[in-house]
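The sequence and structure are shown first.

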Amino acid sequence: MTKLNGQSEDILQDNIAAVRELFPEVCCEGKIDFDKLRQVLGEYVDDDKERYNFTWNGKGKALRLSQTPSMGTLRPCKEESKNWDTTQNLYIEGDNLEVLKLLQKSYHGRIKMIYIDPPYNTGNDFVYPDDFSDSLENYKKLTGQVDDEGNKVSTNSEANGRYHTDWLNMMYPRLRLARNLLTDDGVIFISIDDNEIDNLHKICSEIFGEFNFIGLLSVENNPKGRKNSAFISVSSEYCLVYAKNKVNSHFIENIPKKASDMSLDENGKYVHASGKRVLVGENSFNNVVIKPDSEKNYSVYYRENDQSLILKKEEYGIDEHQLILDGYVKYYSHNKGQLVENTYSEIKFRELFQNGALDFSDGKIYEKNFSDTIRIKSQLVNREYEAIVHGKKQSYSMELTTTGAGTYIKNLFNVSESPFSAPKNAGFLKVLISLFEKGPFTVLDFFSGSATTADSVMQLNAEDGGNRKFICVQLPEPCDEKSEAFKSGYKNICEIGKERIRRAGEKIKAEVEEQNAQMKLGEEPKEVPDIGFKDFKLDTSNLRKWQPDYDDLETSLFDSISNYVDGRTELDVVYEIMLKMGLDLTWPVETHSIGGKNVYAIGMGALMICLDDDITTAVADGMVALYKELAPETWKVVFKDNGFKDDSAKTNIHEILKCAGLDEDAFTTV
């Protein structure tokens, strides 16, 4: 039997356990012997005091902060969500450092793509408290924008002597936690301008490894240039790209080719006009034939008038004369008087022939290039051109501008002034997201801001039928009382972000339904993508801590009898248990009445929770019957620690569940 301690994943203990696993000889009485560890690592230890090192005041504290477990929780908010029962998307309101800690168990190694647009440290966009401890108490102050004395929290101006230091202390622990969430082939994209690009590059190389640096994109977000720029009219910003493990990562070609670079072949398919690959013919790249029976050693006889194909194994310089007389043309691979292998095996060659992917000309056989996409370039500029998109000629626009994003949001909200300052363009985010195959994966944005990431995921799913999911995290910064957003009734940025997702989702739904209404006979209708989200809010734990008031000890003792904080619901506790046990927050939660008590079945019975009082063996019997009916692959149960009718009932319930197949450590109390 285990007792839930209410903490998020303890990353420090996980790291120590990993060291013990790799180097058991350096562990002594629960401690790490660093002298012995240095001996084990030998020449890979750098003891030179003048070695290359990037540091700043507070770095050690920032590192420890990333390893300190959170005692908070995420409380579900159904009334502010959309499509709660079916959606796989999450919108989380809270300080992203605490939220990232809370997500460590449930989403460790499960996020394919992270995109963030953090504060650029321009002197007026940095609203984090000066000590950067970011405890739940500081978070409470932060969302009220006042300190202990009621003074407004200041921005990080250049007059502050810790200008870069404070920004680094804010980013460092968050990026360390973010790396844990990435899949082995996951990639993080970080938008930034020139204020902190150098420092960001350095801390990313430290956290992700400089060998996992993928590239730096230049993004033209303001083609006209900033009017207030000194010396140079700045028209672009950057996007820094790092992989969790570059060896495992992969980008697909995702930028449509110009229509002028493509032409229709005899079968009506678009083929790239240049860059065709030689499969058979004079070829200096392929190997000389050493074994005549090689699967890549064969001559090709092709007759154009009836598209007849014959493959034969022959020695160099030998022709099948009868085939030549019958109108066939011979093709074979050679180089400097020697027979060389063809590019593909006979099986692959025939497959290409059957698919109409071969071009016979000038004594050579080429592979047609049907690909209508090219690789993303490091410089992204706004442009519109006629392109081939999914085999069809149409107009394609790469829209990256901030002004274009603002116009889109104004139209979406039907207002004259955008409720967001400098929002990211969905066109830019869609370019990044489409660098991965469209198969199901999750995109995390923990500086969600205007919720462009969520909108872009939904748009892209509607366009290509993908099944991507999003997790957006945003600090509920209060709106300025003078802003149009506040006057329109929005109290904080999260309220605007959620409304943007709702409106964007309905817009996408209407567009899909309109396209389906206009589709031609034989065309497959499009499905409306997941346009919902589950809303969660960061808060202190639902589980009561006994903090006695020594002036009124009797009242404190009676208060401690209740397990939960006043004002919290059973559903609040259910989701905290899911979070602390490492379950996906989008898993379905079903309520069953067993023995007159509520039993929550999560993930088709993988976890069963009963938080009622006076629990008897009837509840255990009902849980066993439900377990047999649902037949989950794994099974865990959770009860309220003081919810059992008596100690005898607790013991008997434990034995009933154990006999039914429940593991000893899968019986938990809170």
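## Basis of the model

Lys 430 is buried, at 16% relative accessibility (buried means under 20% relative accessible area, exposed over 50%, partly exposed in between, with a 1.4 Å probe and protein chains only). The model is predicted: local features need pLDDT of at least 70 and side-chain atom pairs pLDDT 80 or more, whereas totals for chains, interfaces and linings use all residues. Residues are numbered from 1 along each chain as its sequence is written, and side-chain values use heavy atoms, without hydrogens and water.

## Salt bridges between helices and loops

Lys 430 forms a salt bridge with Glu 463, at 2.7 Å from N to O (a side-chain nitrogen of Lys or Arg within 4 Å of a carboxyl oxygen of Asp or Glu). Glu 463 lies in helix α13 (residues 452–464) and Lys 430 in helix α12 (residues 426–433), so the bridge ties together parts 33 residues apart in sequence (helices are DSSP runs of H or I, at least four residues, and strands runs of E, at least two, numbered from the N terminus). Glu 463 is partly exposed, at 44%.

Lys 498 and Glu 80 also form a salt bridge, their closest N and O atoms being 2.3 Å apart. This pair links helix α15 (residues 493–517) to the loop between β4 (72–76) and β5 (90–93), 418 residues apart. Lys 498 is buried, with a relative accessible area of 1%, while Glu 80 is partly exposed at 26%.

## A bridge within one helix

Glu 576 and Lys 580 form a salt bridge at 3.1 Å between the closest N and O atoms. The two residues are four apart in helix α17 (residues 570–580), about one helical turn, and both are buried.
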